[in-house]
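Hi everyone, thanks for making time for this. I'd like to walk you through one structure, so let me put it on the screen.

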Amino acid sequence: MKKWVITIVCALLIAAIGMSIYFYQNMRSPITEQEQLAIERALNETEIGIIEDVSFYHGTQPYVVIKGQQEDGETDLIAWVGQEAESIVVKPAKNGLTEEEVRQFAVSELAPKRLLAVRLGLENRLPIYEITYIDQNDRYSFYYITFEDGTFVKRYSLKTDD
């Protein structure tokens with residue numbers, strides 16, 4: 001009897017793990033499809049010939065941010081790819097701040113308790129960096145600066161429950 005219980009529990013555990021993997025894959029498939037479409041658009045509609053990194057930005061609208069190089073490898077480019085009807089925004093990487101420069105800015109100017117993320121995004125067709133951090137008041141905070149020169153765009157913080 002004890003062997004049957006162990007066998008049934010193991011079978012249910014394996015089934016639960018299999019279903020979890022299946023649901024995870026199904027939930028990720030639209031993101032993977034969107035990423036593949038964005039990569040195809042960037043390769044076909046921009047000067048990017050070599051893809052180095054792909055990330056997502058979910059602001060007022062979702063964008064796929066693609067870092068790459070021209071086919072000859074001479075110029076690093078960044079492309080912000082939105083919906084299909086929208087044109088792609090492309091900027092040379094040298095025309096903007098690096099992620100490391102933004103991290104240094106965040107540490108020195110925002111004095112976060114913990115820096116969570118720095119990511120490229122696009123708001124109103126303006127390339128930006130989104131800095132996500134925990135501030136000195138333990139609030140989850142967002143700070144936005146322009147990609148090109150670090151000009152302040154907006155900031156907001158989520159209050160904690162006290």
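Let's begin with strand β2, residues 62-70: seven of its nine residues are buried, so this strand is largely enclosed by the rest of the structure. Please keep in mind throughout that this is a predicted model.

Who are the neighbours of β2? On one side there is strand β1, residues 48-58, which pairs with β2 in the antiparallel sense over nine bridges. If you want a pair to click on, take Asp53, whose bridge partner in β2 is Lys67.

β2 also pairs with strand β3, residues 76-81, again antiparallel, and here there are six bridges. Gly68 has Leu77 as its bridge partner in β3. The hairpin of β2 and β3 has five residues between the strands, and in it Gly73 takes a positive phi near 80°.

Glu99 is found in helix α2. For a sense of distance, Glu99 and Ile51 are 48 residues apart in sequence, and their C-alpha atoms are 18 Å apart in space.

On to the other part of the picture. There is an open sheet of four strands in the order β5-β6-β7-β8, with antiparallel pairing. Its edge strands are β5 (114-123) and β8 (152-158), each of which pairs on one side only. From one strand to the next, the twist averages 15°. Helix α2, residues 99-110, packs on this sheet and touches β5, β6 (126-134) and β7, with its direction at about 50° to that of β6.

Looking at the β8 end, strand β7 (residues 140-146) pairs with β8 in the antiparallel sense over six bridges. Within that pairing, Ile145 stands opposite Phe152 in β8.

How many aromatic pairs does a search of the whole structure find? The search finds seven. One is Phe105 with Tyr143, a tilted pair at 5.9 Å centre to centre, with 45° between the planes. Phe105 lies in helix α2 and Tyr143 in strand β7, so this pair ties together parts that are 38 residues apart in sequence. Phe105 is partly exposed, with a relative accessible area of 24%, while Tyr143, at 10%, counts as buried.

Next come Tyr144 and Tyr156: their ring centres are 6.1 Å apart and their planes are at 25°, so this pair is stacked. Because Tyr144 lies in strand β7 and Tyr156 in strand β8, the pair ties together parts that are twelve residues apart in sequence. Tyr144 is buried, with a relative accessible area of 3%, whereas Tyr156 counts as partly exposed at 36%.

Ring pairs link Tyr140, Phe142, Tyr144 and Tyr156 into a cluster. Lys154, meanwhile, lies over the face of Tyr144, at 5.0 Å from the ring centre.

Definitions and conventions. Residues numbered from 1 in each chain as written. Predicted model: local features only at pLDDT ≥ 70, side-chain atom pairs only at ≥ 80, totals over all residues. Heavy atoms only, no water. Pairing = 2+ DSSP bridges. Helix = DSSP H or I, 4+ residues; strand = E, 2+ residues; numbered from the N terminus. Axes fitted to C-alpha atoms, helices over the stretch in contact; angles between N-to-C directions. Contact = heavy atoms within 4.5 Å. Phe/Tyr/Trp six-rings, centres within 6.5 Å; stacked < 30°, edge-to-face > 60°. Buried < 20%, exposed > 50% of the residue type's maximum accessible area, 1.4 Å probe, protein only. Lys NZ or Arg CZ within 6 Å of the ring centre and 35° of its normal.
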